[in-house]
Amino acid sequence: MAPAVIGRRMDALEERLGVKLLQRTTRRISLTHEGSAFLEDCQRLLVDFNNAEASVSAGGVKASGHLRVTAPAGFGRRHVAPLVPGFLAQHPEVSLSLNLSDRVVDIVNEGFDCAVRVGDLPDSSLVGVRLADNRRLCVATPEYLRRAGTPSSPQDLGRHQCLTLSSEASQTRGWAFSVDGVVSHLRPGGRLDCSDGQVLHEWCLRGLGIAWRSTWEVQADLAAGRLVSVLDDFAAPPNGIYAVVPSARHLPLRVRLWMDFLKHSYGDRGIGAARSGSERPAKSPAGAGL
């Protein structure tokens, strides 16, 4: 298209919108603030339109490309890694890298498409989609409780060996309890801490102390009597399991399909008491919260 034709069309568009989209000088043309915002919105609409076409063409969705996902180590091993083969079977043109770490991963600067996070997500520019509820309990072996006694209030934990995550992992605010309807945080102490939640779980099973663990991790142990929950009357309300992405705009189709796959899979597998597809901002970077 000839530059003169483009110029006339831009003039007509600016007149119709009532704003200047381009700043023109003899040396260069640049976008105005309004022009930049308008361009971004139009690009998003084109992406949505192309995705809508792809979802109904050639017999279904055709996603492709490489997907980089990160998740907390323990939860990822149990509830993310087992889902990957099924997702790839549905989308054979997609490849996937899964990073499992209890370290807080900066998904923007480290180039991840999506993070699965367990725990509350304070506000930020990241977008979190709630997949399921997550409840935490204080647990110990019956043998440990016979030896050390059973705490009757959160304050009693000061007299116990508590197995905590080290500061570089997560739970930086401590263990959450509900006292008289108000949620408070307590940072208990003990002789042992570790950056790996699975190690804490194993230490707890060996009777080394009380641990604050998620129900998805200790359900089988509670049912078998290997562990007993304590301080249930002070249990805090559940937080969430989230899929977190850098932005809701211009999401590649493979990322949207992965998030949808997680939502439906977690609903079918019964992880947590409830799930929803609501979106809300999330703090960057949000903790793994295990």
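**View 1. Aromatic pairs in the predicted model.** This predicted model contains six aromatic pairs. One of them is formed by tryptophan 175 and tryptophan 212, whose rings are stacked, with 6.2 Å from centre to centre and 20° between the planes. Tryptophan 175 belongs to strand E9 (residues 175-179) and tryptophan 212 to strand E12, so that the pair links distant parts of the chain, 37 residues apart. Both tryptophan 175 and tryptophan 212 are buried. Elsewhere, Phe75, Trp216 and Tyr266 are joined into a cluster by ring pairs.

**View 2. Arginine 68 and the ring of phenylalanine 112.** The side chain shown here is that of arginine 68, which lies over the face of phenylalanine 112. The distance to the ring centre is 4.1 Å.

View 3. Strand E8 spans residues 162-165 and is covered on both faces. Cys162 and Thr164 are buried on one side, and Leu163 and Leu165 are buried on the other. In a regular strand, side chains alternate between the two faces of the sheet. E8 pairs in the parallel sense with strand E12 (residues 210-214), over two bridges. Within E12, alanine 211 is the bridge partner of leucine 163. E8 also pairs in the parallel sense with strand E11 (residues 193-194), again over two bridges. Here the bridge partner of threonine 164 is aspartate 193.

View 4. Histidine 160 is located in the loop between helix H5 (142-148) and E8. Is this residue, at 4% relative accessibility, buried or exposed? Histidine 160 counts as buried because its relative accessibility of 4% is under the 20% cut-off. Its side chain makes a polar contact of 2.9 Å with the side chain of tyrosine 144. Beyond its neighbours within four places in sequence, histidine 160 is in contact with Tyr144, Ala148, Gly149, Pro151, Gly189 and Ile210.

**View 5. The buried side of helix H6.** Helix H6 covers residues 197-205, and its buried residues are Gly197, Leu200, His201 and Cys204. These residues lie on the same side of H6 because they cover an arc of only 100° around the axis. They pack against helix H3 (73-79), strand E7 (136-140), E8, E11, E12 and helix H7 (215-224). At the N-terminal end, H6 is capped by aspartate 196, which has a side-chain oxygen 2.8 Å from the backbone nitrogen of glutamine 198. Glycine 207 follows H6 and has a positive phi, near 80°.

View 6. Residues of H7 that are buried are Trp216, Glu217, Val218 and Asp221. The elements that cover them include H3, strand E5 (114-118), E6, E7, H6 and E12. Trp216 is also part of the ring cluster with Phe75 and Tyr266. After H7 comes glycine 225, with a positive phi near 85°.

**View 7. Strand E6 paired with strand E14.** Strand E6 runs over residues 126-134, and nine of its nine residues are buried. E6 pairs with strand E14 (residues 239-245) in the antiparallel sense, and seven bridges connect the two. In this pairing, arginine 130 stands opposite tyrosine 242 of E14. E6 is also among the elements that cover the buried residues of H7.

How values were computed
Residues are numbered from 1 along each chain as its sequence is written. This is a predicted model: local features need pLDDT of at least 70, side-chain atom pairs count only at pLDDT 80 or more; totals for chains, interfaces and linings use all residues. Side-chain values use heavy atoms; hydrogens and water are left out. Buried means under 20% relative accessible area, exposed over 50%, partly exposed in between (1.4 Å probe, protein chains only). Helices (H or I, at least four residues) and strands (E, at least two) are DSSP runs, numbered from the N terminus. Two strands pair if DSSP finds at least two bridges between them. Rings of Phe, Tyr and Trp (its six-membered ring) pair if their centres lie within 6.5 Å; planes under 30 degrees apart count as stacked, over 60 as edge-to-face and the rest as tilted. A charge sits over a ring if NZ of Lys or CZ of Arg is within 6 Å of the ring centre and within 35 degrees of the ring normal. A polar contact is a pair of N or O atoms within 3.5 Å; within protein, one must be able to donate a hydrogen and the other to accept it, and residues adjacent in sequence count only if both atoms are side-chain atoms. Contact means heavy atoms within 4.5 Å. The arc is that of the directions from the helix axis to the C-beta atoms.
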